[in-house]
Amino acid sequence: MDIEAGSGSAPHVPETGRPVPEAGAGVVERWRSEGGELVELLARVHEQAGGIAAFRLGPARTVLVTDPQAVQHVLALHPERYVKRSHRARLLIGGGVLAATGAAWKQQRRLLQSQFTGTGMRRYEQRITEAARTTAGRWRRYARTGQTVDVGQEMRRFALDAIWRSLTGYPLDDGTERELTAVAAVAAALPTLPVDVTDAPAAVAADLARIDAVARHAIDAARSGAVGPDGPGLLNVLTDAATERPEYTDRLIRDELVTLLVAGHETTATTLTWLYLLLDRYPAAREQALAAGGEGSAQRRHAIQALVHETLRLYPSAWILPRHATEEDTLAGYAVEAGTDILVCPYLTHRDPALWRDPEGFDPRRFATSDGRPTHPGAYFPFGMGPRACLGLQFALRESTILLEHLLPPYAPAFHSTPTKAVYGITIRPDGPARASLERSRI
């Protein structure tokens, strides 16, 4: 849950802090007049007022946090003071672990935690590998026939296959894939809807119904004892829990299943798409990664992981993390009033020139050596940090690495056109397709 402090702990008495610097009203007014993205306003606030900065979009102040020390204070050291109140994707994921709060979140997190570390990850690694081999087989056919592909769509297809195998024990079939395109459709619509919307608007009702039908079929299959060729999946963990825990109703199991589908494929697909677009601009980075070691070597794997980490620095999976101050606090010497809304922004922290050399450039070498990046843990956190850090961090890194080990050596996509902008929604995604021909590499 958001509140991690043990009961009976001494009451928190904050020190007297300085007022949080506030960006001038002109910053907000200019942003509004230009009709810019939220990220553009936050960047201006950060530039004018620093790593802990206040601004006003209405009568109440919001505090932007990008300073690494303050990031760690909010997310990792004192999550009981800075809580997550809701999630913009609640309409899609319901009461799943991403949106849950309080005692419910703690119980749900505990059940899922073991599935994404140690033995749990080893259980799913073979399924990820099979999904990567399936993708590699498609790419061989595309390269042989000269077919143009949308790299973003291919990355989404792979990531959905990997999480579907892990959830159900079955490879992704064409029918399920078609129905689950509804997930991306709802996710894209969410930023246009009110944050607290609970009833499905007509624009997304049909897509939500398609998602519910897929979830219902998968849950019924798991309950019937049907086992896929890969064996029981994570969904079986949820249905088994229902036999002992009354809170695991059909609705909660559906919500957890959809949460894992959304979190388990959308962020990975987006990261991999950005990575390929970056390699198109910086081809030497691909050559350096492949030259680091032979096929299957630890050196090459480490170099490929550095590619992923650098992509996540520029385009973090969670680009903004809203929190709410439940009590008065002193944050890195600044006074924060109870009731203040906090926006932690990994996107800006990761691009801060005070922390990163050439912050807008793509340089995976900064993750290839121990001294290549800032040492403070609050300087790099693409999946969040603290008790509410993304459960699937290791899963996402592993599937990205495995796929790239299969695709990066033989193919260098030749892009016909590339997206020109980023869309800042639940994730940061390219604003259009990334169509390419697959050319056999000479490396």
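**Figure 1. Glu154 and its salt bridge with Arg138 in the predicted model.** In this predicted model, Glu154 is a buried residue with a relative accessible area of 5%. Its side chain meets that of Arg138 in a salt bridge, with an N to O distance of 3.2 Å. Arg138 is likewise buried, its relative accessible area being 6%. Because Glu154 belongs to helix H7 (residues 151-168) and Arg138 to helix H6 (residues 119-145), the pair ties together parts that are 16 residues apart in sequence. Arg138 is also among the residues that Phe158 touches.

**Figure 2. Arg165 and Asp161 within helix H7.** A salt bridge joins Arg165 to Asp161, and the closest N and O atoms are 2.9 Å apart. The two residues are 4 residues apart in helix H7, so about one helical turn separates them. Arg165 counts as buried at 8% relative accessibility. Asp161 counts as buried too, at 6% relative accessibility.

**Figure 3. The salt bridge between Asp363 and Arg357.** Here the closest N and O atoms of Asp363 and Arg357 are 3.5 Å apart. Asp363 is buried, with a relative accessible area of 9%, whereas Arg357 counts as exposed at 55% relative accessibility. The structure holds 25 salt bridges.

**Figure 4. Phe158 in the largest nonpolar core.** The largest nonpolar core has 116 residues, of which Leu42, Leu92, Met155, Phe158, Tyr276 and Trp319 touch the most other members. Helix H12 (residues 250-281) gives the most to this core, contributing 15 residues. A second, separate core comprises 20 residues, including Val20, Val71, Leu75 and Ile342. Beyond four places in sequence, Phe158 touches Ile128, Ala131, Ala132, Thr135, Arg138, Leu272, Glu399 and Leu403.

**Figure 5. The hairpin of strands S2 and S3.** Strand S2 (residues 52-56) has 4 of its 5 residues buried, so the strand is largely enclosed by the rest of the structure. S2 pairs with strand S3 (residues 61-65) in the antiparallel sense over 5 bridges. The two strands form a hairpin with 4 residues between them. Within this pairing, Phe55 has Thr62 of S3 as its bridge partner. In a regular strand, side chains alternate between the two faces of the sheet.

**Figure 6. The five-stranded sheet and helix H2.** The sheet is open, with 5 strands in the order S2-S3-S9-S6-S4 and mixed pairing. S2 and strand S4 (82-83) are the edge strands, each pairing on one side only. Helix H2 (residues 38-49) packs on the sheet and touches S2, S3 and strand S9 (341-344). The direction of H2 makes about 125 degrees with that of S2.

**Figure 7. The pairing of strands S4 and S6.** S4 pairs with strand S6 (residues 321-325) in the antiparallel sense over 2 bridges. The bridge partner of Val83 in S6 is His324. His324 is also one of the contacts of Arg81.

Figure 8. Arg81 lies in the loop between helix H3 (68-77) and S4. The residue is buried, with a relative accessible area of 10%.

**Figure 9. Gly17 and its contacts.** Gly17 lies in the segment before strand S1 (18-19). The residue is partly exposed, with a relative accessible area of 21%. Not counting residues up to four places away in sequence, Gly17 touches Thr330, Gly333, Tyr334 and Ala335. Gly17 and Ala187 are 170 residues apart in sequence, and their C-alpha atoms are 40 Å apart in space.

Technical notes. Residues are numbered from 1 along each chain as its sequence is written. This is a predicted model: local features need pLDDT of at least 70, side-chain atom pairs count only at pLDDT 80 or more; totals for chains, interfaces and linings use all residues. Side-chain values use heavy atoms; hydrogens and water are left out. Buried means under 20% relative accessible area, exposed over 50%, partly exposed in between (1.4 Å probe, protein chains only). Two strands pair if DSSP finds at least two bridges between them. Contact means heavy atoms within 4.5 Å. Axes are lines fitted to C-alpha atoms, for helices over the stretch in contact, and angles run from 0 to 180 degrees between N-to-C directions. A nonpolar core is a set of buried Ala, Val, Leu, Ile, Met, Phe, Trp, Tyr and Cys residues joined through side-chain atoms within 4.5 Å. A salt bridge is a side-chain nitrogen of Lys or Arg within 4 Å of a carboxyl oxygen of Asp or Glu.
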